[in-house]
Structures are given as structure tokens and as C-alpha cells.
Amino acid sequence: MQFLPADYAIGGVAVVFAGLGLFRGFSGTLAFFVAAGCAAAAGVFFRPFAVQMFGAEWSRVLVNIAVSVLVFGLVRIVVKKTVNGLLAQPTDSIAGVAAGLVLWAALVYAATFAPWMIERSVVVREVAAHVR
């Protein structure tokens with residue numbers, strides 16, 4: 001089995017996620033990803049209201065971005081403070097590495113649904129063969 005360039009990129013993403021989990025800890029990693037999901041949901045949810053309230057497309061986009069950034073910041077602060085109070089160091093850092101690798105595995109699994117990724121990556125092809 002010979003790795004393709006996409007496999008090295010996938011490995012690099014795993015190292016980055018594990019490193020972010022180590023330095024941010026579980027509380028920071030969880031807070032970032034929960035906040036990103038909530039910000040995306042807020043952007044999707046707020047879009048119809050922005051269309052009704054604002055006429056110009058640029059103002060809709062600007063207000064939608066502002067709402068998403070506000071939701072991101074608030075959710076991130078709340079989740080980080082809550083989880084950080086529950087976990088002390090070094091448990092927070094170790095759990096952060098595990099959370100980063102779990103998120104990486106979830107991305108690799110999601111990549112199995114993209115036919116172009118199965119063609120370009122041996123890792124994704126093997127995961128698709130065993131999981132799906």
C-alpha cells in the first residue's frame with residue numbers, strides 16, 4: 001500500500017487536531033467545535049429573517065455574519081468555562097488530544113461519502129471498505 005498526497009494531508013490534519021487538543025485542552029477543543037456548529041446553525045436560522053428585514057444583499061450578509069460571530073463567541077465562552085471547571089490539568093490536555101483525534105476520525109469517516117476522496121486517498125478507501 002502506497003500513500004498518495006491526500007493521505008499525507010490527512011495525516012497532517014490528524015497531527016494538527018491532536019496538537020490543538022493538547023494545547024487548548026478538551027474544554028477549548030470542545031468549545032470551539034460546539035461554538036462553530038452553533039454559529040453555523042444560527043446563520044442558517046437567521047437567514048430568512050435577514051431576507052425579510054434588509055433589502056440589500058450586502059446588509060443581509062453583514063448582519064448574518066455579525067449574528068454568527070456573536071453566537072460563536074457566547075457559546076464558546078459558556079462551554080469553555082463550564083468544561084474547564086470540571087477538568088483539571090493534565091486531564092484536560094490528555095482528553096483534548098483524544099477529542100482532536102476523534103474529530104479527525106469523524107472527518108475521515110465523512111470523507112468516505114465523497115467519491116473523489118475515495119479515488120485520491122488510500123486511507124479513506126480503506127476506511128470506506130471496512131465501515132460502509
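Is Arg 47 buried, partly exposed or exposed? Arg 47 counts as partly exposed, because its relative accessibility is 31%. Keep in mind that this is a predicted model.

## The salt bridges

Let's stay with Arg 47 for a moment. Its side chain meets that of Glu 57 in a salt bridge, at 3.5 Å from N to O. This pair ties together distant parts of the chain: Arg 47 sits in helix α1, while Glu 57 belongs to helix α2 (residues 57-86), 10 residues apart.

Arg 60 forms a salt bridge with Glu 57, and the closest N and O atoms are 2.9 Å apart. Both of these residues lie in helix α2, 3 residues apart, which is about one turn of the helix. Arg 60 counts as buried, because its relative accessible area is 14% and the cut-off for buried is under 20%. Across the whole structure, a search finds 2 salt bridges.

## The nonpolar core

Now for the inside. The largest nonpolar core has 6 residues: Ile 10, Val 108, Ala 111, Ala 114, Met 117 and Val 124. Leaving out residues up to four places away in sequence, Val 108 touches Ile 10, Val 123, Val 124 and Val 127.

## A nonpolar patch outside

Some nonpolar residues show up on the surface. Met 1, Phe 3 and Tyr 8 make a nonpolar surface patch of about 420 Å². Tyr 8 is found in helix α1 (residues 5-53), and Tyr 8 counts as exposed because its relative accessibility is 56%.

How values were computed:
Residues numbered from 1 in each chain as written. Predicted model: local features only at pLDDT ≥ 70, side-chain atom pairs only at ≥ 80, totals over all residues. Heavy atoms only, no water. Patch = residues over 30% accessible without salt bridge, like charges linked within 9 Å, V, L, I, M, F, W, Y side chains within 5 Å. Areas by Shrake-Rupley, 256 points an atom, 1.4 Å probe, with all protein chains shown as cover. Salt bridge = Lys/Arg side-chain N within 4 Å of Asp/Glu carboxyl O. Helix = DSSP H or I, 4+ residues; strand = E, 2+ residues; numbered from the N terminus. Buried < 20%, exposed > 50% of the residue type's maximum accessible area, 1.4 Å probe, protein only. Core = buried A, V, L, I, M, F, W, Y, C linked by side-chain atoms within 4.5 Å. Contact = heavy atoms within 4.5 Å.
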